[in-house]
Amino acid sequence: MVRILIADNNIELCRILEEFLHRQEDMEVIGLAYNGEQALAKIQEASPDVVILDLTMPQLDGIGVMERLQTMELSRRPRIIILTAFAKDDMVRLLTNMGADYFVVKPFDLEVLVDRIRQFAPNSDLTVKEERPSYYLPPGPEPEILITELLHHMGVPPHFKGYTYLREAVLMVCRNRRLMGGGLSKELYPRLAEKYGTTVGGVEAAIRNAINSAWRKGNKEFLEGLTGSLSWPEAEDRLPTNSLVIAKLADRISLELRAG
């Protein structure tokens with residue numbers, strides 16, 4: 001069991017990470033820290049295997065935490081995974097020399113983070129690398145974090161294939177709104193199918209299943225408000241379409257990005 005400490009001043013992000021990591025059978029979140037001083041205290045008290053450390057924190061930032069760790073007498077040094085929105089070469093070199101094991105650049109994929117935690121858990125001999133985002137998204141609040149928060153609020157189970165497809169579909173539409181105009185089956189679904197090595201029908205069905213789960217067992221009120229289905233006749237039995245949910249989620253993210 002990999003014991004993990006999350007240190008980030010973004011309370012909502014900490015909650016999302018905690019819930020997602022708790023769903024992994026081989027991982028346990030042993031604490032949350034919202035500033036650098038708390039992070040150091042919990043490292044001393046709980047002796048985590050891995051620390052997910054954000055660089056921007058109050059009282060003591062991530063660099064300060066790394067500096068202090070070098071002088072602390074610990075029975076066992078934890079592996080350090082740095083979260084950052086900016087991974088400049090000089091900063092990477094500085095933190096690597098201080099003992100950072102890995103860098104994850106925001107926005108990031110939760111599944112990728114989980115893979116890196118497993119790779120860098122104790123007894124791993126992997127070398128330090130930097131994880132760069134595979135695509136560009138507008139600056140401001142991290143779009144991938146925003147869509148993760150929205151899907152969580154909807155009640156879509158993260159282990160569903162449709163969760164991954166729906167999240168990626170919304171991010172694609174955020175980058176290129178014309179994908180909606182071209183029709184899901186002609187534009188968006190084929191791209192998703194190619195990326196994830198499945199069929200167009202499999203993508204459509206998985207997204208439908210994810211929306212249905214949120215409608216029946218998740219936060220139906222949020223989904224109704226998002227799609228405007230509260231005003232529909234017999235809304236109780238009318239599941240919003242895939243295209244409507246994707247479009248409305250993309251709209252919500254665009255609004256939050258402009259507000260941020």
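Me: How many bridges join β1 to strand β2, and which way do they run?
Reply: Six bridges join β1 to β2 (residues 27-33), and the two strands run parallel. Strands pair if DSSP finds at least two bridges between them. Strands here are DSSP runs (E, at least two residues) and helices are too (H or I, at least four), numbered from the N terminus.

Me: What stands opposite Arg-3?
Reply: Glu-28 in β2.

Me: Why is β1 largely enclosed?
Reply: Five of the six residues of β1 (residues 2-7) are buried, so the rest of the structure largely encloses the strand. Buried means under 20% relative accessible area, with a 1.4 Å probe and protein chains only.

Me: What about the whole chain?
Reply: Of its 260 residues, 49% are buried. The chain has 12 helices and six strands.

Me: Where does this come from?
Reply: This is a predicted model, where local features need pLDDT of at least 70, side-chain atom pairs count only at pLDDT 80 or more, and totals for chains, interfaces and linings use all residues. Residues are numbered from 1 along each chain as its sequence is written, and side-chain values use heavy atoms, leaving out hydrogens and water.

Me: Switching to helices: at what angle do α1 and α6 cross?
Reply: Roughly 65°, with the axes of α1 (residues 11-22) and α6 (residues 143-154) coming within 11 Å. Axes are lines fitted to C-alpha atoms, for helices over the stretch in contact, and angles run from 0 to 180 degrees between N-to-C directions.

Me: Which residues in α1 meet α6?
Reply: Glu-12, Leu-13, Arg-15, Ile-16 and Glu-19 meet Ile-145, Thr-148, Glu-149 and His-152 in α6. Contact means heavy atoms within 4.5 Å.

Technical notes:
Buried < 20%, exposed > 50% of the residue type's maximum accessible area, 1.4 Å probe, protein only.
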